[in-house]
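Visitor: I have a few questions about this structure. Could you walk me through the rings and the ligand site?

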Amino acid sequence: MESLNLTTKILVYSFEEATENIKKLINEAKIATQSAYAPYSNFYVGAAVLLANGEIITGSNQENAAYPSGLCAERVTVFHANAQYPDVAVEALAIAACHDGEFTINPCSPCGGCRQVLLEAENRYNRPMKVILYGESKIYELECAKSLLPVGFGKDSLFD
Ligand code: THU
């Protein structure tokens with residue numbers, strides 16, 4: 001029997017230590033929390049993606065009285081970016097979340113369903129998507145979406 005030992009590299013740093021480009025993307029994600037429609041959870045999530053053409057697209061979670069019909073900020077943002085620019089890769093994604101008027105202390109991490117969507121958006125363009133998770137106390141940076149979902153299901157799994 002063999003064992004596969006997978007490791008995930010996560011850079012941990014403060015906002016002050018971030019590069020100017022990453023600070024900008026985080027700030028856009030923080031601003032995007034203000035457009036969230038979250039009357040049920042009161043958890044306001046904002047996301048910002050940097051596209052390979054330099055454009056930044058933002059989005060936020062959109063809830064619904066029929067709870068499962070709502071959508072997370074990451075999916076709203078990535079689907080919108082891909083729909084507007086189907087031929088342009090997503091180079092980086094930043095996420096921030098706010099509740100009770102404060103940004104979360106710890107980095108806000110994407111749910112399982114969003115990880116699946118981020119992985120597809122990364123594979124589609126064959127380019128790594130940097131993932132930046134904002135928290136007031138620290139920031140996590142992952143070098144690609146795959147590191148959020150190792151051994152994930154993808155296009156290749158369908159045709160194996
Ligand atoms: N949510 C996101 O938008 N992104 C995440 O990464 C985690 C959760 C939303 C879904 C729902 O509207 C609210 O946050 C509470 O789960």
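Visitor: How far does K30 lie from the ring centre of F103?
Guide: This is a predicted model, where local features need pLDDT of at least 70, side-chain atom pairs count only at pLDDT 80 or more, and totals for chains, interfaces and linings use all residues. Residues are numbered from 1 along each chain as its sequence is written, and side-chain values use heavy atoms, with hydrogens and water left out. A charge sits over a ring if NZ of Lys or CZ of Arg is within 6 Å of the ring centre and within 35 degrees of the ring normal. K30 lies over the face of F103, and the distance to the ring centre is 4.8 Å.

Visitor: Which residues form a cluster through ring pairs?
Guide: Rings of Phe, Tyr and Trp (its six-membered ring) pair if their centres lie within 6.5 Å; planes under 30 degrees apart count as stacked, over 60 as edge-to-face and the rest as tilted. K30 also lies over the face of F15, 5.7 Å from the ring centre. F15 belongs to the cluster, whose members are F15, F103 and Y134.

Visitor: How many residues apart in sequence are the parts that F15 and Y134 tie together?
Guide: The whole structure holds three aromatic pairs. F15 sits in the loop between β1 (10–13) and α1 (20–32), Y134 in strand β6 (residues 130–134), so the separation is 119 residues. Helices (H or I, at least four residues) and strands (E, at least two) are DSSP runs, numbered from the N terminus.

Visitor: Is Y134 buried or exposed?
Guide: Buried means under 20% relative accessible area, exposed over 50%, partly exposed in between (1.4 Å probe, protein chains only). F15 is partly exposed at 21%. Y134 has a relative accessible area of 4%, so Y134 is buried.

Visitor: How are the rings of Y40 and Y67 arranged?
Guide: Their centres are 5.4 Å apart. Their planes are at 45°, so the pair is tilted.

Visitor: How much of the ligand does the protein bury?
Guide: A polar contact is a pair of N or O atoms within 3.5 Å. Polar side-chain atoms of E63 and E74 each lie 2.5 Å from an oxygen atom of the ligand. Accessible areas come from the Shrake-Rupley method with a 1.4 Å probe. Taken alone the ligand exposes 370 Å², and the buried share is 75%.

Notes:
A polar contact is a pair of N or O atoms within 3.5 Å; within protein, one must be able to donate a hydrogen and the other to accept it, and residues adjacent in sequence count only if both atoms are side-chain atoms.
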